[in-house]
Amino acid sequence: MVNIVTVAWSLISWTMKMAGVVKPCTVEIEAGTVMRFWVPSQTIPKPTKPVVVLLHAFCADGLANWMFQINSLSKNYAVYVPDFIFFGGSITDKPDRSLIFQAECLAKGLKKLGVEKCAVVGLSYGGMVAFKMAELYSELVQAVVISSSVLAIQESMVNRAVEDIGFSSCSEMLLPSSTEGLRILLAVVVYRNIWFPNCMFNDFLQVMFSNRKERSELLEALVISYKDIHVPKFSQPIHLLWGEKDKIFKQEIAHKIKERLGNNTTVEVIKKAGHLVNLERPCVYNKCLNKFLSSVMFDEKK
């Protein structure tokens, strides 16, 4: 029987390639570790436009997460969309599951692709990796956009969030094993109720939730104790672009992050949108994103 999600993903990737926007590229980071990137179709050997790197959330790969942003951004920027380790076509035989490891792999991969400077845009899990990249590679990361994410997750924060929503653990919420679990997760991450038939949920579970053991380990590695929380002093401009009705990281969290990071950080809230703000309100999100990027990367485009 045909998997609807596989067909849809193939159609999206084919459309991107035929339109000359992005194409897939596998990069060997080191022995035993490879990452798949979607890279600008016309960028060889180095990008000729300012670079924007889009970092995906936990329940999908890069192309599925950012399909509504890639074309909008590609008019003015060289867009790179990686799949994190254990997502899409990215894999490793290393035991490290930390945000630092994901950030290091990304930085090495981008360097091999000829990227010297970039802005990073991260959603949810991708936002945490974006913060870590900005902290570790300030010479690479010139600006940061964060949506629906935090600097670090405390155990108390996780417990409170998942219990409020009705799950027993973060893994149960983000790694559903049934159509009902996936349906509940969808209701949590979007503002408006969206109906899909069970067959589509089944297909999505088969395609997007591979490497369950390793992804569960990624979630475990996210949780830190209170004493381990460190707030870096970022040199880059940071824009927090949030959904007004985010049920996981409520908009009050964005304002608290701004208070902790200081005057170099701005907050913008998009109405009638939830955790997956870029997918729910893509036109508004793209307008806000392009406006911020043009303000911080203007000199790069000259």
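Colleague: Which residues are linked in a network of salt bridges?
Modeller: Keep in mind that this is a predicted model. The network joins Glu 30, Asp 93, Lys 94 and Lys 108.

Colleague: What's the N to O distance between Lys 94 and Asp 93?
Modeller: Their closest N and O atoms are 3.1 Å apart.

Colleague: And Asp 93, is that buried or exposed?
Modeller: Asp 93 is exposed, because its relative accessible area is 58%, and the cut-off for exposed is over 50%. Lys 94 has a relative accessible area of 23%, so it counts as partly exposed.

Colleague: How many salt bridges turn up in the whole structure?
Modeller: A search of the whole structure gives eight. One of them pairs the side chains of Arg 36 and Asp 61, at 3.7 Å from N to O.

Colleague: Are Arg 36 and Asp 61 buried or exposed?
Modeller: Both are buried.

Colleague: What about Lys 213, which residue does its side chain meet in a salt bridge?
Modeller: Glu 217, at 2.7 Å from N to O. Both residues lie in helix 9 (residues 212–222), and they are four residues apart, about one turn of the helix.

Colleague: Changing topic: how far apart are the end C-alpha atoms of helix 3?
Modeller: They are 20 Å apart. Helix 3 runs over residues 99–112, and at 1.5 Å a residue its 14 residues should span 20 Å, so the two values agree.

Colleague: Which residues of helix 3 are buried?
Modeller: Leu 99, Phe 101, Gln 102, Ala 103, Cys 105, Leu 106, Ala 107, Gly 109 and Leu 110.

Colleague: And what follows helix 3?
Modeller: Gly 114 does, and its phi is positive, near 90 degrees.

Colleague: Last one. Where does Asn 286 lie?
Modeller: Asn 286 is in helix 12, which covers residues 282–296. Asn 286 has a relative accessible area of 9%, so it is buried.

Colleague: What does Asn 286 touch?
Modeller: Leaving out residues up to four places away in sequence, Asn 286 touches Phe 68, Gln 69 and Ser 72.

Notes. Residues numbered from 1 in each chain as written. Predicted model: local features only at pLDDT ≥ 70, side-chain atom pairs only at ≥ 80, totals over all residues. Heavy atoms only, no water. Helix = DSSP H or I, 4+ residues; strand = E, 2+ residues; numbered from the N terminus. Buried < 20%, exposed > 50% of the residue type's maximum accessible area, 1.4 Å probe, protein only. Contact = heavy atoms within 4.5 Å. Expected span 1.5 Å × (residues − 1). Salt bridge = Lys/Arg side-chain N within 4 Å of Asp/Glu carboxyl O.
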